[in-house]
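Student: I have a structure open and would like to learn how to read it. Can we go through its features one by one?

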2 protein chains.
Amino acid sequence: MEHTQLIDKLTASARVHSVVGEDDWERWLQRRQAAHTFRVDRIAFDEMDGWSFDPDTGNLGHDSGKFFTIEGLSVQTDYGPVLSWSQPIIHQPEVGILGILVREFDGVMHCLVQTKMEPGNCNTLQLSPTVQATRSNYTKVHKGSGIPYLEYFTEPGRAQIVVDVLQSEQGAWFYQKQNRNMVVAVADDVPVGDDFCWISVGEIQRLLHVDNLVNMDLRTVLSCIPFGPGPEPEEGDGFVAALGRSLRADAVTAHTAQDILNWITDRRSRRDLVVRRTPLVDVSGWVRKEDRIERPDNRHFRIVAVAVEAASREVRRWTQPLLEPRRTGLVTLFVKRRRGVLHLLLHTGVEPGCRTVAEIAPTVQCDPTVYEELKSEPEFLAAARALRPDQIRFDAQLSEEGGRFYEATNRYVIAEVDEDYAEPAPTDYRWISLHQAVELLQHSHYVNVQARTLIACLHSLWGGAAVGGG
Amino acid sequence: MEHTQLIDKLTASARVHSVVGEDDWERWLQRRQAAHTFRVDRIAFDEMDGWSFDPDTGNLGHDSGKFFTIEGLSVQTDYGPVLSWSQPIIHQPEVGILGILVREFDGVMHCLVQTKMEPGNCNTLQLSPTVQATRSNYTKVHKGSGIPYLEYFTEPGRAQIVVDVLQSEQGAWFYQKQNRNMVVAVADDVPVGDDFCWISVGEIQRLLHVDNLVNMDLRTVLSCIPFGPGPEPEEGDGFVAALGRSLRADAVTAHTAQDILNWITDRRSRRDLVVRRTPLVDVSGWVRKEDRIERPDNRHFRIVAVAVEAASREVRRWTQPLLEPRRTGLVTLFVKRRRGVLHLLLHTGVEPGCRTVAEIAPTVQCDPTVYEELKSEPEFLAAARALRPDQIRFDAQLSEEGGRFYEATNRYVIAEVDEDYAEPAPTDYRWISLHQAVELLQHSHYVNVQARTLIACLHSLWGGAAVGGG
């Protein structure tokens, strides 16, 4: 099938709510939860099995040298209220695969999703892509590592590539982490495992509105699909019509594609970001206790350890460190109808773990309590806090990666502002159409992971998905 | 002017050999050389003024903390014949601007170039872009740092942006270095300094065929211009016709754009590259002497120091370290006519200073002597050495950046191979059209600096530029 035809079929699937062979996802999810037992306990660092602090560097790592390490990072920048600091950071140089397998059923494209437990999930099971595999896993594939469906993503010719792009993850918590975001299509039958289910794009988009259900990995892969505007031009001046027009390549936009590239290059060039990986013992302002590494002022996050017992994973019991944010963050995207075309207020945000100095971030992305203490707020945070209920188009609490973060959640909000709001946008901000954002998403390291979640959520509003997940 | 119109005018300028107000460039260059005196002497490290080795780390840096440092890098990879090593590397976190100002004269777009001395140039003066400025320079612009024409690149609204993209530089010698490659257009008169001259694109392209004349900075900016195929379809089955068709967006290519992105993502994902900046004293296998840091086996490069006296620069006398490669490298691009469309054999090369694990490199890029000693050669090196004269379409020795490298030169070759050659290409290689390569060049970190030079050189063959420099 032609690539454009695959995209058209995925676009059409966004209008459909369908689950193959199941009456509804809630009952399926309940059955999956009943089928497994999970238990996650906080433990002391010295109760971990195979993980230890290096006597010289103090870095926390696994005896095998695999998985990931907790190291130090020293940061100097000219961006934001704090210009120099050191912090613990997760270092995981391997590239993993986050992949969705798609296939047509009765002419409608469906995605193979799974219910997956991760130790940091606040609610145990979340909806995940077909495959989440680290490279240690996926290079072992021919030795039978047991990751189902992996071969469709790694073996040439097994499936047709729809999306394949490296994207960054949380730049405040990961050092230059990137994962491969893939969508691949098959035409033939595929056996469906117990924890797996074929559901339409529109149904996943509806589930995005349910708190902590669609996991970060599924959200980021969804965001990279270059959905088209659909076959019919949008009528009227409503929000959904403006959103549909925002998906068109020929929409009248505030800036040309060249202007946007110029803006990103300019922001990346003018900001200083000098980072250096350091031994964890050299990180100042953080204290290592029996069961946590934290700041005495309780800001940002702490490093903790957990023991996991699971009946649904390859390994039934393991221990590992996790990063635990201290607060639920606020991530907000302002949108507006500009001459009938929805525009997104995006921001070039500098984060220490970013490979490219700055990526495009949502309008607001922070732990608001940090700024209360600093007495210096990011632009638009006050406005994001003062939104009226009638401005809010999307509002859900969603989880970040539960394999590395302990109960990390953000409140994700999409809110509409007036046409003359923030016009022109401040230097670090631009009004960008959804099509322009999705074009950038076809390349690596333009759009950060929080903005990708909000782009997936914004797409969910176009199909007219029911708000509320019940 | 519309952006596409500017590109069309630059494309047309590639067919023109013209220098505004000068009979020819050779006489102008001779006059510029006569107007200046330069002297570069090798000195001992302790004769440098303001540069010293840090007593703890052994890093070589400037007392001001500015410019750049020579540090250590420890590298682990699964690519190439050597899997683990440490080496000195240049660390320069600032983003500089490499910019060409363009303007129409009598309907033909001309580029403002300058003759510029750099201490590492093997022949003192080379042809350079309008502006080569580090960020320390260009943020000082309002304090009168004295870099002519800088304001056209840094002040919004002073000129129209044609190209603006961050690109990497030598990944074997620089740690994650990137510079901003810009082309900006003005409509009004601009005063022309003594060392500056307006010349057409075609004339710069002709000068590319002269050894060590067009400097690296001018070559990389030229390569980022998305030249079109010209207004007329190409006739016939000759080399130049195939090259013209290779510039067309609708040419029949070996791979789709999506396939190429998939290939790059796959190669980046499957290769390990773990690097760590280290103190220079921790680099093993290198010896620091009075006036050099080098390997006892004489491989790769050494770090040296120079004293410079110049009458044409802001500062008339200064000292600085430079990196001196031990050999002239060989950089070769194989091209072929595939169904009448020229295709380039490009390679995903892993280099330690690369931000993205791998970038697209030429078919062959190496110091051949290193591999003689390793008894293990890169693919296509033997073929590149065995080329027949009638296969060679471009052949010149060109210099790398003389501000950081001491007499660093490569022999750049473009050679044509048969249509059935390397079909299909090995896993790390792909046959790619020129249009596809130039599309990638609109984004950062896809195409390395040596491949960019060869793309600029390949463009020079399209206009039918005379080979040999006059």
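Student: Which residue forms a salt bridge with B:E155?

Tutor: Keep in mind that this is a predicted model. The partner of B:E155 is B:R158, with the closest N and O atoms 3.3 Å apart.

Student: Are these two side chains buried or exposed, or in between?

Tutor: Relative accessibility decides that, and buried means under 20%. B:E155 has 24%, so it counts as partly exposed. B:R158 is partly exposed too, with a relative accessible area of 36%.

Student: Where do B:E203 and B:R206 lie, and how are they spaced?

Tutor: Both are in helix α5 (residues 201-207) of chain B. They are three residues apart, which means a separation of about one helical turn.

Student: What about B:K289 and B:E294?

Tutor: Their side chains also form a salt bridge, at 2.9 Å from N to O. B:K289 is partly exposed at 42% relative accessibility, whereas B:E294 is buried at 8%. Now look at chain A. There, salt bridges with shared partners join A:R42, A:K289, A:D291, A:R292, A:E294, A:R302 and A:E324 into one network.

Student: How many salt bridges are there over all chains?

Tutor: The count comes to 62. Six of the salt bridges found lie across the interface of chain B and chain A. One of them pairs B:R276 with A:E71, with the closest N and O atoms 3.4 Å apart.

Student: How do I judge the size of an interface?

Tutor: It is often given as the accessible area lost when the parts come together. In this case chain B and chain A bury about 3,400 Å² between them. Carbon and sulfur atoms hold 41% of that area. On the side of chain B, the residues B:R135, B:Q258 and B:R276 supply 17% of the area buried against chain A, more than any other three residues.

Student: How many residues are in contact there?

Tutor: 40 residues of chain B touch 40 residues of chain A. Polar contacts link 22 residue pairs across the interface, counting pairs with both residues at pLDDT 80 or more.

Student: Which element gives the largest share of chain B's side?

Tutor: That is α8(B), with eight residues. By type, the side of chain B that touches chain A has 14 nonpolar, 13 polar and 13 charged residues.

Student: Next, aromatic rings. How many pairs are there?

Tutor: There are 24 aromatic pairs over all chains. Take A:Y149 and A:F196, with centres 4.9 Å apart and planes at 70 degrees, an edge-to-face pair. A:Y149 sits in the loop between α3 (135-139) and α4 (150-154) of chain A, and A:F196 in strand β12 (residues 196-200), 47 residues apart. A:Y149 is buried at 7% relative accessibility, and A:F196 is buried at 9%.

Student: Why is the pair B:F380 and B:Y429 called edge-to-face?

Tutor: Its planes stand at 75 degrees, so the pair is edge-to-face. The cut-off for that class is over 60 degrees. This pair ties together parts that are 49 residues apart in sequence. Both B:F380 and B:Y429 are buried.

Student: Last one. Where is B:A415?

Tutor: B:A415 is in strand β23 (residues 409-416) of chain B. It is buried, with a relative accessible area of 0%. Beyond its neighbours within four places in sequence, B:A415 has contacts including B:L333, B:F334 and B:I392.

Key
Residues numbered from 1 in each chain as written. Chains lettered and ligands numbered in written order. Heavy atoms only, no water. Contact = heavy atoms within 4.5 Å. Buried area = accessible area lost by both parts, 1.4 Å probe. Salt bridge = Lys/Arg side-chain N within 4 Å of Asp/Glu carboxyl O. Polar contact = N/O pair within 3.5 Å; in protein donor to acceptor, adjacent residues only side chain to side chain. Helix = DSSP H or I, 4+ residues; strand = E, 2+ residues; numbered from the N terminus. Nonpolar A, V, L, I, M, F, W, Y, C, P; charged D, E, K, R; others polar. Phe/Tyr/Trp six-rings, centres within 6.5 Å; stacked < 30°, edge-to-face > 60°. Buried < 20%, exposed > 50% of the residue type's maximum accessible area, 1.4 Å probe, protein only.
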